[in-house]
Amino acid sequence: MKRNEIKTDLRYLQLLAHSFPTVAEASTEIINLQAILNLPKGTEHFLADLHGEYKAFQHVLKNASGNIKRKVNDIFGNTLRESEKRELCTLIYYPEQKIQLVKATEEDIVDWYHITIHQLVLVCRNVSSKYTRSKVRKALPQDFSYIIEELLHESTDDANKAAYVNVIIDTIISTGRADDFIIAICNVIQRLAIDQLHILGDIYDRGTGAHIILDTLAQYHKWDITWGNHDMLWIGAAAGNDACICNVIRLCLRYANLRTLEDGYGISILPLATFAMEHYGDDPCKQFLPKTSGGSAQLDEKTQLLMARMHKAVVVLQFKIEAQIYHRHPEWKMQDREKLYSTPCNDCDKWDGSPLTDEERELMKKLHHSFRVSEKLQSHIKLLLSHGSMYNICNGNLLFHAAIPLNEDGSLKSVMQMGSGRELLENIETTIRSAFQSDTERTERQNAIDFFLYLWCGPDSPLFDKSKMATFERYYLSDKATWHEEKGNYFSLRDDKTVVEHILDEFGITDPNRHIINGHVPVHAAEGENPIKAEGRLMVIDGGFSQAYHKTTGIAGYTLVYHSRGFELVQHEPFLSVTDAIRRGTDIKSTHQIVEMANHRMLVADTDKGMALRKQIRDLEHLLYAYRHGYIKEKERK
């Protein structure tokens with residue numbers, strides 16, 4: 001090590017010395033970090049296009065996409081019957097509810113507690129084996145931290161410790177803490193089974209529980225999201241884009257999903273209902289009736305008709321406001337949509353393309369206010385902004401929701417002087433964030449708020465990438481040829497390995513096992529479409545979590561699992577219900593497809609975290625050199 005290197009880094013090393021003030025402490029940390037590098041890589045789960053299906057989402061988190069069931073099978077093999085293993089898995093997924101059922105039927109509950117706690121300790125020991133004791137300790141609940149840690153690291157196989165372990169379990173039961181302990185250790189198993197969760201966009205719309213998904217994520221230990229166009233629609237609505245607000249309400253009414261708006265976010269649509277009854281009270285609004293797959297099958301005829309009238313009212317508002325925004329932004333090159341929305345249409349009942357009336361402006365003002373003052377909505381949008389981005393690079397994988405705009409020849413397409421490829425996505429993200437910054441100049445901020453509409457449905461939006469969003473045509477034009485939405489070049493070229501490699505190069509990803517992972521367009525698995533494209537370089541994991549897509553895709557979603565041995569794609573069948581899962585031990589039926597296996601078991605050293613740890617080790621080695629050669633003096637901790 002050269003003296004001039006130490007002198008250059010001396011200021012930084014002096015700061016580092018505050019955390020490691022002695023040779024002994026710096027050396028211990030180096031030993032610790034070197035050991036961590038040789039642990040197995042943590043398991044990453046990738047999910048896309050959840051679309052409000054909170055029950056299926058929560059169950060996939062609880063069962064770790066079937067990983068917990070596999071571990072139970074590996075641990076207990078033929079020593080437990082299939083029904084017993086199923087019961088144990090159900091207990092791990094839903095401990096509070098399952099314990100109550102067991103207590104209602106079990107004749108010897110003390111014996112059940114003994115057997116079950118021993119089994120859960122074995123499962124917890126297995127899922128925690130790839131982590132340091134420090135990391136496991138941080139995952140433990142405060143009330144049982146010491147007890148769980150002792151049970152994880154002691155065994156009844158050791159004759160000297162058998163009595164010690166048994167007395168711990170006996171005392172847990174005799175003090176009446178068995179239920180709480182079982183719940184605690186089951187939650188630890190769930191948490192440790194997934195090291196990191198990646199969501200590739202579209203939490204919102206269609207299903208009834210986007211707000212519940214975000215409540216779940218707010219408490220989750222480690223997750224990130226690459227935003228989708230449906231997320232961007234809600235972000236835009238929260239920022240005050242009136243066209244986004246109308247689109248959000250329209251989709252909620254289309255899929256008979258007012259739960260997210262009203263129950264989740266306390267947004268009142270009573271002003272819209274009043275307006276709709278006054279202006280469309282005699283209109284049957286047949287083309288605006290809610291979709292049955294969204295839940296309208298449980299609605300009476302009167303409620304469906306009211307929703308249809310509100311649906312039509314907000315659609316008219318939406319197109320009028322969108323036309324105004326398109327007129328303000330000729331650079332978007334969406335004048336054809338402005339003209340379509342602003343021109344009287346022979347097929348359109350009561351559509352005359354006129355601007356907003358005074359009553360419509362007053363209604364829009366009330367709806368705008370409701371979105372802006374909803375504390376829960378604003379807190380969830382802040383959560384999406386703090387955990388989200390337009391793209392993410394993690395362990396050699398490039399994550400984004402939909403597409404990278406491309407020219408016909410596969411080259412990167414420049415969009416509205418915002419650049420192309422990586423530069424384009426980074427400039428878009430800067431624009432998104434500027435809409436929420438109070439110090440952004442007024443005109444710039446308004447342009448940023450307007451831009452959410454382009455991100456939702458603009459032809460070169462990386463979150464959409466289609467020629468148009470044919471919403472107007474589907475409502476108002478009988479010629480189905482006008483409904484066609486031409487996908488961007490990315491979707492026709494994404495099976496070309498050369499094109500995919502070029503995109504990965506653009507984002508500076510050089511790992512030999514690099515991949516693109518995205519969602520947005522459902523994979524038609526029932527028709528034989530393969531989610532693995534470009535000779536394994538690209539994986540599309542939108543398998544249709546939303547019930548609205550089940551008939552189209554033939555399945556109910558994918559989870560991509562990246563563990564220490566490689567990639568597995570888990571294909572899910574529809575989730576029945578939590579009640580069935582608890583009472584009958586039913587689980588999501590999942591099919592596992594090995595996508596790519598590593599030639600060696602991957603360690604932390606092979607990951608982005610490993611790269612960061614090696615840098616920390618080098619810095620600490622420099623600190624040791626500085627201590628031993630007198631550049632920095634050791635200090636005693638006070």
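Me: Let's start with N241. Which residues does N241 touch, leaving out those up to four places away in sequence?
Reply: This is a predicted model, and in it N241 touches G236, I325, I449, D450, F452 and L453.

Me: Where is N241 placed, in terms of helices and loops?
Reply: N241 lies in the loop between α13 (229-239) and α14 (242-254).

Me: Is N241 buried or exposed?
Reply: Buried, with a relative accessible area of 1%. The cut-off for buried is under 20%, so N241 qualifies.

Me: D450 was on that contact list. What does the side chain of N241 reach on D450?
Reply: The backbone oxygen of D450, at 3.5 Å.

Me: OK, over to D450 then. Which helix is D450 in?
Reply: D450 is in helix α22, which covers residues 442-457.

Me: And is D450 buried or exposed?
Reply: D450 counts as buried, at 2% relative accessibility.

Me: What does D450 touch, again not counting residues up to four places away?
Reply: D450 touches N241, I325, R328, H329 and W332. I325 is also among the contacts of N241.

Me: Which side chain joins that of D450 in a polar contact?
Reply: That of R328, at 3.0 Å.

Me: How far is D450 from S386, C-alpha to C-alpha?
Reply: They are 21 Å apart in space, and 64 residues apart in sequence.

Me: Which residues line the largest cavity?
Reply: The lining is made of N247, Q318, E322, Y326, M334, R337, Y341, W456, C457, M469 and T471.

Me: How does that lining divide into nonpolar, polar and charged?
Reply: There are 6 nonpolar, 3 polar and 2 charged residues in it.

Me: Which helix gives the most to the lining?
Reply: α17, with 3 residues. At least two residues each come from α17 (301-328), α18 (335-342) and α22 (442-457). α22 is also the helix that holds D450.

Me: Now some helix faces. Which residues of α6 are buried?
Reply: In α6, residues 95-105, the buried ones are P95, K98, I99 and V102.

Me: Why do those buried residues line one face of the helix?
Reply: Looking down the axis of α6, the buried residues fall within an arc of 100°, so they line one face. An α-helix has 3.6 residues a turn, so residues three or four places apart point the same way.

Me: What about α12, which residues are buried there?
Reply: In α12, residues 210-218, A210, H211, I212, I213, L214 and L217 are buried.

Me: What covers the buried residues of α12?
Reply: The cover includes helices α3 (54-63), α15 (259-265) and α20 (375-387), along with strands β2 (196-199) and β3 (223-226).

Me: Two more residues. Where is R137, and how accessible is R137?
Reply: R137 is in helix α8, residues 133-139. R137 counts as partly exposed, at 39% relative accessibility. Leaving out residues up to four places away in sequence, R137 touches S145 and E149.

Me: Last one, D619. Which helix is D619 in, and is D619 buried or exposed?
Reply: D619 is in α28, residues 608-628, and counts as buried at 12% relative accessibility.

Me: And what is D619 in contact with, neighbours within four places aside?
Reply: Y12, L13 and L16.

How values were computed:
Residues are numbered from 1 along each chain as its sequence is written. This is a predicted model: local features need pLDDT of at least 70, side-chain atom pairs count only at pLDDT 80 or more; totals for chains, interfaces and linings use all residues. Side-chain values use heavy atoms; hydrogens and water are left out. On a 1 Å grid over the protein atoms alone, a cavity is a set of points where a 1.4 Å probe fits but cannot get out, and a pocket is an open set with protein on both sides within 12 Å along at least five of seven lines; lining residues have an atom within 4 Å of a point. Helices (H or I, at least four residues) and strands (E, at least two) are DSSP runs, numbered from the N terminus. Ala, Val, Leu, Ile, Met, Phe, Trp, Tyr, Cys and Pro count as nonpolar, Asp, Glu, Lys and Arg as charged, and the others, Gly among them, as polar. Buried means under 20% relative accessible area, exposed over 50%, partly exposed in between (1.4 Å probe, protein chains only). Contact means heavy atoms within 4.5 Å. A polar contact is a pair of N or O atoms within 3.5 Å; within protein, one must be able to donate a hydrogen and the other to accept it, and residues adjacent in sequence count only if both atoms are side-chain atoms. The arc is that of the directions from the helix axis to the C-beta atoms.
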